[in-house]
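Here's a quick briefing to read with the structure open beside you. Take a moment to turn the model around before going through the points.

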Amino acid sequence: MSTAHFTGPAAPYTGGDPYADYRAPDPDEVPFTALADLADRRIGGTVLAASDEFFAERDHLLAPAPAHFDPAAFGTRGKIMDGWESRRRRAVAADDHDWALIRLGAPGVVHGLLVDTAHFRGNHPQSVSVEATEAEGHPDAAALLGPATRWTELVPRTGTGGHAANVFEVPAAARRRFTHLRLRQYPDGGIARLRAYGEVRPDPAWLRALGTFDVAALEYGGFAEDASDRFYSSPLNTITPGRPRTMGEGWETRRRRDDGNDWVRYRLAGRCVVRAVEIDTGCYKGNAPGHAAVSVRDGEAGRWRVLLPRTALLPDTVHRFVVPEAPPATHARLDIFPDGGIARLRLYGSLS
């Protein structure tokens, strides 16, 4: 099982690139980081409450971008940090700690967690733990902290390192659907980011009530399983909510110098019938693909069937296509010709 690789403080910052001495495991050791971040603010994740946020606000925990460090930034309460930081505790008992309550943006099965202490070099927590619960509706912090809430331990109290990516694999026995997390840090300190990697498990009753919805959307259980190229950005960006604000919020491939083309394969929210396709090249003005096509298949061994034939695309445009009656499908494939950037793919349909 992959657990924290680092303990103790990092060296003081002495100038230059603040990430030059950042401690992180080999990505191959933590394959779950390729899954969706269920706590992502862009799909609705939020920090409902925290015991203390004297030095730095709790909301920074779920910011999508890596933590930023400005060595000259100070405020009336001290050093301004891009993370969540509590004040120092005194007369510390063995179990004294600070906590933060997180509502996942999309309910799901958590496979692994990242507790990132970037730039917290000597003021990080000595150890952390993470628990999870499944709660119906929209409970507030008081309800979640009440005696009726049953919490499941995902990460036992474990030592952490400063200025490091502390990663934890969730035991298989604890992998089931959750809606909220409780992050504890002992006894106090600063954490830059929290990521909860896993598989989305939406409420089936909600999907039935919606009828027609985007069956590829991350928030409804869609996932980008594989792609030909991830050079500039992740194909997961194509199924996140909203329109892009910059090219960095889409999927862009390197320039091809051969006769091939780039593609993404998606797992849909369930067995679906797709009725309309939307391909958004927003913000891609000089690097949009020339053409695109969409295919679907039913099951892992199913045959690919063309849903949208190869069609010309325009830069920085939302393209919408009504498709003829399509067969039920569990997977979809977007092909772009020959390369370039796609901001969003929407496949509107319903569960079969």
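Is aspartate 316 buried, partly exposed or exposed? Keep in mind that what you're looking at is a predicted model. Aspartate 316 has 37% relative accessibility, so it falls between the 20% and 50% cut-offs and counts as partly exposed.

**The whole chain**

- The protein chain contains two helices and 22 strands. Its radius of gyration is 22 Å, close to the 20 Å from the globule rule for 352 residues, so the chain is as compact as a globular protein of that length.
- If you box in the C-alpha atoms along the principal axes, you get roughly 70 × 50 × 35 Å.
- Out of 352 residues, 53% count as buried.
- Take the contacts with a separation of 6 or more: 79% of them are between residues 24 or more positions apart.

**Surface and charge**

**Two loop residues with positive phi**

- Aspartate 316 sits in the loop between strand E18 (305–312) and strand E19 (318–322). Its phi is positive, about 50 degrees, even though it isn't a glycine.
- Histidine 163 is another non-glycine with a positive phi of about 50 degrees. You'll find histidine 163 in the loop between strand E8 (152–159) and strand E9 (165–169). With a relative accessible area of 0%, histidine 163 is buried.

**Cis peptide bonds**

- Tyrosine 186 and proline 187 are joined by a cis peptide bond, with omega about -15 degrees. Proline 187 belongs to the loop between strand E10 (177–186) and strand E11 (190–191).
- Phenylalanine 337 to proline 338 is a cis bond too, with omega near -15 degrees. Look for proline 338 in the loop between strand E20 (329–337) and strand E21 (341–342).

**Around aspartate 82**

- Aspartate 82 is in the loop between strand E4 (78–79) and strand E5 (84–85).
- Its side chain makes a polar contact with the side chain of arginine 193, at 2.9 Å. A polar atom of the aspartate 82 side chain also lies 2.9 Å from the backbone nitrogen of histidine 68.
- Beyond its neighbours within four places in sequence, aspartate 82 has contacts including His60, Pro66 and Ala192.

**Around alanine 141**

- Alanine 141 is part of helix H1 (residues 141–144).
- Setting aside residues up to four places away in sequence, alanine 141 touches Ala49 and Leu101.
- Alanine 141 and alanine 50 are 91 residues apart in sequence, while their C-alpha atoms are 9.1 Å apart in space.

Terms used
Residues numbered from 1 in each chain as written. Predicted model: local features only at pLDDT ≥ 70, side-chain atom pairs only at ≥ 80, totals over all residues. Heavy atoms only, no water. Helix = DSSP H or I, 4+ residues; strand = E, 2+ residues; numbered from the N terminus. Polar contact = N/O pair within 3.5 Å; in protein donor to acceptor, adjacent residues only side chain to side chain. Contact = heavy atoms within 4.5 Å. Rg over C-alpha atoms; globule rule 2.2 N^0.38 Å. Buried < 20%, exposed > 50% of the residue type's maximum accessible area, 1.4 Å probe, protein only.
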